[in-house]
Amino acid sequence: MGSFLSSEKSAISRVVMSKKQKSLPIDASFKLPSPLPSWPPGGGFGSGIIDLGDGLQVRQISSFSKVWATHEGGPDDLGASFFEPSPLPQGFSMLGCYSQPNNRSLHGWVLAGRDETGSALKQPVDYTLVWSSESLQIKQDGVGYIWLPTPPDGYKALGHVVTSSPQKPPPGKILCVRSDLTDQCEFDSWIWGLDKESDVNGFNVFGLFPSNRGTQATGVCVGTFVAQKTTTAPVSISCLKNAASNLSCMPNLDQIQAIFQAYSPWIYFHPDEEYLPSSVNWYFANGALLYEKGEESKPVPIKSNGSNLPQGGSNDGAYWLDLPVEEGAKDRVKRGDLQESQVYLHVKPMFGATFTDISVWVFYPFNGPSRAKVEFINIPLGKIGEHVGDWEHLTLRISNFNGELLSIYFSEHSGGNMGRFFTARVSKWQQSCELLVLAWPRHVCQARSGFARDWKRRN
C-alpha cells in the first residue's frame with residue numbers, strides 16, 4: 001500500500017507539472033489598465049470600509065494566497081482553484097476562503113470582518129471535514145481539504161476553510177458572525193465538481209448570494225463559496241446583513257457622475273441599422289400619440305415633457321403610445337434621431353448597499369422587423385418583431401468599497417445573457433472601449449471587442 005501511494009503521488013506530481021506548462025486563464029490575475037480614479041469626496045463611498053451595524057465592519061479583499069487547485073472537472077473541464085485572502089488588514093479577520101473556476105482570469109473578492117463591540121464575531125468551536133481529494137486520482141496540486149466551521153450558539157458560519165493538510169485548522173483561522181447580523185443565502189454560479197456539469201447527487205462547489213435580493217433587501221454577499229455533497233440539502237453557509245440599513249456608503253451625485261465618466265461604454269450601431277435611438281422628449285415632441293381603450297379614434301398628441309400622460313395605476317392595457325398617423329411623420333419618427341438621443345441612468349443600491357447598480361437605458365422610437373440569416377443572406381420576416389417604443393439597457397455593478405466596476409449585465413434577448421451578471425467580460429470592457437453593440441436588427445445589448453471599427457459609434 002505504501003508503495004502504491006508513493007507511485008500515485010509521483011504520478012500526480014508528473015501530471016501537475018505537465019499541466020503547469022500549459023498556461024490556464026486563472027494563471028493571470030485581472031488588473032485594471034489604470035489605477036482607480038480619485039472619487040469626489042462625500043459620505044462613505046469608496047472609503048474601503050462599510051459599517052453593517054452593531055459594531056460589524058467589513059472590507060473587500062481581492063488579494064489571495066493559493067491553497068489548493070485541481071486541473072480537471074468543472075467548467076470546460078479545467079478544474080478550479082481555492083484561495084485564502086492575504087494579506088488581511090490590521091484588525092480584520094477571515095470570514096471564508098475564495099474559489100473560482102480555472103477557465104477565467106483570477107478576479108474575485110471576499111469580505112473580511114472587524115468587531116468593534118466584542119460580540120459580533122467569535123471563533124468556531126470546532127471544524128467538520130466536508131470533503132477531501134485524498135483518495136481521488138485526479139489532476140491536482142497536492143491534496144485539498146475543505147472544512148466547515150462549527151459556530152458557537154447564536155452564531156453562523158459564512159465560509160469554508162481550505163487546507164492542504166489533514167490537520168484541523170486552528171480556531172482563530174476564521175471567525176463566525178452573530179446570527180442577527182446574517183441572512184439566508186443560496187447557490188449562485190457553479191464553480192467546480194468532479195464532472196463537467198454539476199451533479200445533483202454529487203460533490204459540488206457553488207458561489208453564493210443572498211436569497212432576498214433587490215433595492216430594499218439587506219442581504220450582503222460575502223464572496224465565499226459552499227461545498228456540499230448534494231444540491232438538495234439546505235445551504236450550510238450564511239451571508240451577511242446590513243442590519244443598520246445604512247446607505248451612507250452609496251455614491252452621491254458627484255460621485256455617480258465620476259463613476260459613469262470612468263466606465264461609460266462605447267455604443268455601436270450596425271451600418272445597415274435603419275431605426276436609431278432618440279430621446280424620449282424628442283419622440284413626444286415629434287408626434288407620438290396617446291391612445292385610450294374605447295377611444296381609439298381620438299388619439300391625443302403627447303406634450304414634449306409627457307405631462308399629459310396617465311399617472312399611477314397598473315399596466316392594465318387601458319392606454320398605449322403609438323407613432324404619428326401621417327405617413328411622412330411616422331417614417332421620420334420611426335428612424336429616430338441620433339443627434340437628439342440620450343442615455344438614462346437608474347441608480348440603485350444592491351446587496352445591502354455594498355454595491356451600486358447603474359442601469360444605462362437607451363430608447364428607440366421603433367424596433368424593426370426580425371430577420372432570418374441563411375448563410376450570408378439576411379431575409380426580413382415581414383412585420384414579425386416590429387413594435388413601437390423599444391428600451392435596451394445594460395447594468396454596471398460598482399463596488400461601494402472602492403468604486404471598482406466588478407460586473408456587467410447585458411440585456412440580450414432570451415438565450416443570451418438574461419438574468420446574470422458577467423465578471424469575465426469586465427476585462428474586455430476596461431482594456432478596450434469597443435465593447436457594447438446594439439445588435440441589428442433587434443437592438444439587443446451584446447458584448448464585443450475590437451470588431452466594430454466601421455460601425456457607427458456614440459459614447
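## Close-up views of a predicted model

**View A. The largest cavity and the residues around it.** Strand β16, which covers residues 204-210, gives the most to the lining of the largest cavity, with three residues. The model shown here and in the other views is predicted. About 40 Å³ of space lies in this largest cavity, and the count of cavities of 30 Å³ or more comes to one. Its lining is made up of Cys185, Leu208, Phe209, Pro210, Val222, Gly223, Thr224, Ser238 and Cys239. By residue class, this lining divides into six nonpolar and three polar residues, with no charged residue.

**View B. The second largest pocket.** The second largest pocket holds about 500 Å³ of space. It is lined by 20 residues, of which Phe30, Ser62, Ser63, Asn402 and Glu404 are the closest to its centre. The largest share of this lining, three residues, comes from strand β2, which spans residues 56-61. Taken by class, the lining of the second largest pocket comprises nine nonpolar, eight polar and three charged residues.

**View D. An open sheet of three strands.** Three strands, in the order β8-β13-β11, form an open sheet with antiparallel pairing. Because β8 (121-122) and β11 (155-156) stand at the edges, each with a single partner strand, one side of each is left without a neighbour in the sheet. The pairing of β11 with strand β13, which covers residues 176-178, is antiparallel and runs over two bridges. In this pairing, tyrosine 155 stands opposite arginine 178 of β13.

**View E. The two ends of helix α4.** At the start of helix α4, which spans residues 327-334, a side-chain oxygen of glutamate 326 reaches to within 2.9 Å of the backbone nitrogen of glycine 328. After the helix comes glycine 336, whose phi is positive, near 70°.

Key: Residues are numbered from 1 along each chain as its sequence is written. This is a predicted model: local features need pLDDT of at least 70, side-chain atom pairs count only at pLDDT 80 or more; totals for chains, interfaces and linings use all residues. Side-chain values use heavy atoms; hydrogens and water are left out. Two strands pair if DSSP finds at least two bridges between them. Helices (H or I, at least four residues) and strands (E, at least two) are DSSP runs, numbered from the N terminus. On a 1 Å grid over the protein atoms alone, a cavity is a set of points where a 1.4 Å probe fits but cannot get out, and a pocket is an open set with protein on both sides within 12 Å along at least five of seven lines; lining residues have an atom within 4 Å of a point. Grid points are joined across faces, edges and corners, and a volume is the space filled by probe spheres set on the points. Ala, Val, Leu, Ile, Met, Phe, Trp, Tyr, Cys and Pro count as nonpolar, Asp, Glu, Lys and Arg as charged, and the others, Gly among them, as polar. A polar contact is a pair of N or O atoms within 3.5 Å; within protein, one must be able to donate a hydrogen and the other to accept it, and residues adjacent in sequence count only if both atoms are side-chain atoms.
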